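Here's a quick tour for anyone meeting this structure for the first time. Have a look at it, then read on.

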Amino acid sequence: MENSTKNKFFLMVLFLCVTASQFLYGQQLNLTGKVIDENAQPVPNAKVFLAIDSHFEMTDANGEFNITTNSALPVTNPFKNNARAFFENGIFHFSTGKTQMLHYHVFGLNGRLLYKNKIEMNKAGNFGLVVNSLLPASFPNALYFVQITQNGRIFSVKTIKSTTSHSAPQVVYTNKVAIPLSKKTAGTIDTLIVQKTGYGNAKVYISNYTAALSPIILRALIDRKAVVTRHNITYTKAETKAPLSVGNGDMAFTVDATGLQSFTGNYDYLTLSTLSHWGWHSVPNTNNYKLSDTYKYFDYFGRQVPYVYMTMGKTEKDEDYFRKNPHRANLGRIGMELKTSGGSNAALGHLTGINQQLNLWEGIISSEFDFDGKHATVKTLVHPDKDIIVSSISSPLITSGQMKFALRLPYGSHDADGADWNNSGGHTTEILTQGTGFAVLKRTMDSTIYYVRLQWSNGTLSKKENHYYQLTPSGDSENFEFSCWFNTENNFTSPPDYATASTECAAGWESFWKEGAFIDLTDATDSRAPTLEKNIILSRYLTRIQCAGDYPPQETGLTYNSWNGKFHLEMHWWHGVHWAIWDNLDFLEKTLDWYKLIMPKAQETARVQGFAGARWPKMVGPDGRESPSPIGTLLIWQQPHPIYFAEACYRQHPTKETLEKFKDIVFQSADFMASFARLSSTTNKYRLEPPIISAPEASTNNPNPAYELTQWWYGLNTAQKWRERLGMGLDSTWKKVQDNLSPLPTQGDVYIMEENFSDYYTKCEGHPTTTAVYGMMPATPLMDTTIMRKTVEKTWSLWYKWTHAWGWDCGMIAMGAARTGRTDIAVDVLFEEKLGFLSNGHNIGLPNQGTLPAYLPGNGSLLLATGMMAGGWDNDGGVYAPGFPKDGKWNVRVEGFVKLE
């Protein structure tokens, strides 16, 4: 395949018929087809090659070709029987410059696998996988051929039946094989990447043993950089309500108009903080409170069940302590100290000529401003692999002595910015090492210890006060650089300078944008399309810098502390599942390891309450301990989430290793779910009974919430699949509960939130999770598609009444609308005013009330909904971008998506 820096094109190979009436063992092949561009226009004079074979034909004026040739690599039948081989043998994929080989051998009569088939990747690590079975052993005697596609890491196999040379294809079997690569590969096996300098001399490669092709579509690869960079954020004034952030997934740094944290007092709506996934602090428990002190006992059919609780309207000291600790701590504030030529301190309002840009493709903020008649340029980034803030500054304010830099280090706090600036005596900062251009500091806050390495290009570091250090440039140059590295260990190496760090940062971000899935709305003519594309791109950026750590993220990520900096496991769905379908599974998968770490606590909670398995907490820190709450500890919709996450991992890595790694999470979750459901002696059905609070948080006493019942069926069913995959028998307890779950509550021809909630559509309160029954969840036997469609339609017709809607509600409704064929609603809801966004891309929780100006579940739900609409879901009929309307206004281009379950 020729190399070129020109545009790349996809070759869409559609298998429609088999032209050979004889068995294809070295027989003559007749390949016919047509090459068209993405606008369905014929491409003349394109070279159509056979892979491996040098034979090619040119397309005619109508883009059509006809190749008659003998197979270059004939397949022989070593079994001396009537086995029919229709596999592509020797497929070569050159998209990354590495060879990727798939060896598929011979199927015997009736579809019996006679050869094992092997997938080999000559990539870093040299991975090989043997697949023992792709087809069942009971196919009738007919013509078959196999279509193998690749989407990210997933290889999908379709066996297609055709009884005559011109009959329509019939898919008779599908299966998937996943390759756990450290790097993703672009494109698909039957979608070959073609590089071209113009349609006229395009080179199209076709694998040997491919039967007749019609049509072949040349689809241009998306110019991802162009799409991303057109949504770079540019500010020409200090946007105090929507500051910009840089980060690497483990640490984020939010800045003001100077590109640093210089005027924090002006940013109280969304604070300027330096937060990390690892930086946690607890105030000492001097009163020796016990978690059991917070128990409130609820009657559960004659049994007293303890819940970690916080009294509504009244907070006891023990409840308050466990709710606020541990909390995420602000690691430090790094800012400029500007003075006028007369020696007065600068204010934010003194800055003029502001021009600040976030380069999304490179992950770097460039800030320019004028002060006291002098210009300043500041570039700021966070290193992609280390928690280092690196900044480069150029300004005559340096040589005039008017610009210095300060590092201030606070005591930890549960407050919004994670800092207590008034408790100087509660912590210590000591310089462990200091030399020319660098210093290492040790931070001690009670049991929390971390280290800071400062490095600078020229100048001196001086201690001004406890926890306050000033960097003064030497003044002989207008250029100054510094870096600040935060770490849990004093094991620093020499940090990179700005030039090196910026190169590494740009490379890391380019890799992110290129490796995952992608949506391009360039060709969409709906006037709202640019806004949707911008919200998608900015949401991808924000979730990458704040939701890609080792723990589930908090609702406000690493921007500021909400709920004392703790994360909410019911929100982990919105924070995490989009990573799977956008082909960034690693970011979801690594958080599952944390569930394994906290499993003993989850098991203890279940045991104390009289249930089996593990009951996952709701509002937690990294220690996994439940936090007192009048609502959170009674929620149950987070219980099946780990099963769904594990299944998402298995769908892309269907190996025994995946099963062994996460089976305990799956089985312990299922054990709790089965034991929590209560058998009714009246209906002989299993019910989800109070004390529970369903996901909408709109009531406390109603049983059988519709969404949670669906989750229970899905979770138990999936857990049984895991047992089968591991060669274990079905769990009879799980099966009994699953087979006898209560029906979903209805009112007329629609679902309602909970049983007995008859005024659900009158009150219109809480999250409309009835739309999640077949949206967030795949189809289950509990769900009727006709009722589901009417439920979505009724919810949407009343959506204007929902006064407490949060951002993730919109993505949830869109998913339900897409699955039920109401793609118009799926799009419209993504522009609902309740899904508000700030100029920095942050979704606003409860926008009508101004609550939570950085609500990442809203961003995650947008990505999950649009990813599903673009990439599809199981049993979506194979329609391209099935969730977008086919009205001519939403011509979307998508790459690399993994189907939602």
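This is a predicted model: local features need pLDDT of at least 70, side-chain atom pairs count only at pLDDT 80 or more; totals for chains, interfaces and linings use all residues.

Residues are numbered from 1 along each chain as its sequence is written, and side-chain values use heavy atoms, leaving out hydrogens and water.

**Helix H13**
- Helices (H or I, at least four residues) and strands (E, at least two) are DSSP runs, numbered from the N terminus.
- Met788, Thr791, Val792 and Thr795 of H13 are buried (under 20% relative accessible area, with a 1.4 Å probe and protein chains only).
- These four cover an arc of only 95 degrees around the axis, so they are on the same side of H13 (the arc is that of the directions from the helix axis to the C-beta atoms).
- At the start of H13, a side-chain oxygen of Asp784 comes to within 3.0 Å of the backbone nitrogen of Thr786.

**The second largest cavity**
- A cavity is a set of points on a 1 Å grid over the protein atoms alone where a 1.4 Å probe fits but cannot get out, and lining residues have an atom within 4 Å of a point.
- The second largest cavity has a volume of about 70 Å³ (the space filled by probe spheres set on the points).
- H8 (641-652) gives the largest share of its lining, four residues.

How values were computed: Buried means under 20% relative accessible area, exposed over 50%, partly exposed in between (1.4 Å probe, protein chains only). A polar contact is a pair of N or O atoms within 3.5 Å; within protein, one must be able to donate a hydrogen and the other to accept it, and residues adjacent in sequence count only if both atoms are side-chain atoms. On a 1 Å grid over the protein atoms alone, a cavity is a set of points where a 1.4 Å probe fits but cannot get out, and a pocket is an open set with protein on both sides within 12 Å along at least five of seven lines; lining residues have an atom within 4 Å of a point.
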